[in-house]
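This briefing is intended for reading alongside the sequence and the three-dimensional view. Please keep both at hand while going through the points below.

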Amino acid sequence: MEDKRSFGQKMDEFLLKDSTFILLIMGAAAAIFAGTFMYLKFGTGAFNDISIVAMLKEGIDTGDYAAAAAFAAGFLIARILEGPLVGLLDIGGSLQTGVGIGLPALFLSMGWDLPFSNFFVALLAGAVIGLVLGAVIMIIRKLMPEGVAVGGTSVMMGAGNATGRYLAPLIVLAAASYNVYAGLGAVIGAAAFYKWGKEMTGGAILGAMIIGGIFI
Amino acid sequence: MLEIVIYSAIIGIIGGGCIAAGAARMFHAPEIQSMGAFRTLGELNACNGDPISHFSFGLGFFFSSAASAVAAGAMTQDVMHRIVPNWGAAVLLAKNKKVEETLHNPRKMMLSGAVIGGLVVVFLNTVASVIPEKLSTIASEVLGPATSWLINPVMPAIFWLAAVDAGKTTGIWGTVLGGVSALITGNAVPGVVLGILIGKSAEENGYKSKIVQILIAIVVILFIAIAYFRGFFGQF
């Protein structure tokens, strides 16, 4: 039998198979977990927002990872149960927060730093985590009866999004009590970004860094 | 430096490709499992297949991601949620305006997502790693206190009030687990989050449903384990 379809068509078909999801989540989890490795090693590269990365940072600084691990576990559990039911896995809660912050915090709290021994080990560890999550999601998809739903994700997301909004004023306050130039910069940056309709958080930090960098 | 570039490229290509393919699959869900976010789906639809809209939407988030990466090494969730899918779509749509053949096609989105992902992650990590030490000192002096206030007590208060506003069942679960969590882990947020999860699920499915029982079991084990490892039981 000669297969007349081109490679592209076969690939299209393959990527639209339900079970291919496992491969995609493996790649995504590997990248995000390795991103956290980058953050631990080079101080940049975590795939999450400042407020959530700060929880991991607090763990690194104090050695107490409980808050980060338990917080992210909540989002991971919620999204893994919800994802298969609606056919759409939220990568923010499940992968970026759960795999990127929660599991690293859990591993580090147990003193298990093997997954972070080098880049390729981290990439592999992330892929294995993705494989496990992908398998769990596929199993739930097959087994879960219709009409059963995990509630609360919209409440959690709403609160999560509200949290981000608080960061900008807090940054201005922190900058103001740190140094007069940093404070002035933060005020100017926040006001300018607000006027332009951009995230005030970014404006406040950049303003503090630019004016502070010139005058301090 | 070279290390950061190479690692970032690998991360961006793999992650960007897989997530963009997952995002294209959103248009075929729920028949096949996809990944992304409902808001991403809404935003992709809102740009209506116009490459300029997709590009400028992503660009707005690119600037805030860059600021956040420079300040705290946190690239934000938007890199994978918004920049990669929207710029990936913009690249494809510039050549072919039919969304069915571009944005909805996982293979094409995977290719463009991998390229965009690689470029964006390399750029953000490189910029973040070359900023002068003085500037990163200012950033951490400012962000340190701000984020620690945020983590405690601002976040517990926000999540707590969200739980309380979501009905009596959720409010009680949030309050009790939040309090227990504050005692055990020093922060109420994990408990409130899990309380919202259990409370809302119980409200919607009843306590007899398997999923609620599994959730309660997971949470009880989680807290007992944390309490044990943190020596909480020794305080009595």
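Predicted model: local features only at pLDDT ≥ 70, side-chain atom pairs only at ≥ 80, totals over all residues.

In which sense do strand β1 of chain A and strand β1 of chain B pair, and over how many bridges? The two strands, residues 88-90 of chain A and residues 34-36 of chain B, pair in the parallel sense over three bridges.

**Contact between chains A and B**

- The contact draws 89 residues from chain B and 84 residues from chain A.
- Helix α6 of chain B (residues 133-165) supplies the largest share of the side of chain B that touches chain A, namely 20 residues.
- By residue class, that side of chain B comprises 53 nonpolar, 29 polar and seven charged residues.
- Within the strand pairing, A:L89 stands opposite B:M35, a residue of β1(B).

**Domains of chain B**

- The domain assignment of chain B gives domain 1 as 2-131 and domain 2 as 137-235.
- The centres of domain 1 and domain 2 of chain B, taken over C-alpha atoms, are separated by 32 Å.

**Helix α4 of chain B**

- Helix α4 of chain B covers residues 78-95, and its 18 residues should span 26 Å at 1.5 Å a residue. The C-alpha atoms at its ends are 25 Å apart, which agrees with that expectation.
- The helix α4(B) bends by about 25° at B:V84, and the proline B:P85 follows within four residues.
- Of the 18 residues in α4(B), 16 are buried, and the helix is thus mostly covered.

- Most residues other than glycine have a negative phi, and most peptide bonds are trans.
- B:A29 and B:P30 are joined by a cis peptide bond with omega about 0°. B:P30 lies in the loop between α1 (2-25) and β1 of chain B.
- A cis peptide bond also joins B:N152 and B:P153, where omega is about 10°. B:P153 lies in helix α6 of chain B.
- B:N48 is not a glycine, yet has a positive phi of about 60°. B:N48 is located in the loop between α2 (38-46) and α3 (51-72) of chain B, and counts as exposed because it has 10 C-beta neighbours inside 10 Å.
- B:T76, likewise a residue other than glycine, has a positive phi near 70°. B:T76 lies in the loop between α3 and α4 of chain B, and counts as buried because it has 31 C-beta neighbours inside 10 Å.

Definitions and conventions: Residues numbered from 1 in each chain as written. Chains lettered and ligands numbered in written order. Expected span 1.5 Å × (residues − 1). Bend = angle between axes of the 7 residues up to and from the residue. Buried ≥ 20, exposed ≤ 12 C-beta atoms within 10 Å, placed from the backbone. Contact = placed C-beta atoms within 7 Å. Nonpolar A, V, L, I, M, F, W, Y, C, P; charged D, E, K, R; others polar. Pairing = 2+ DSSP bridges. Domains from an automatic or database assignment.
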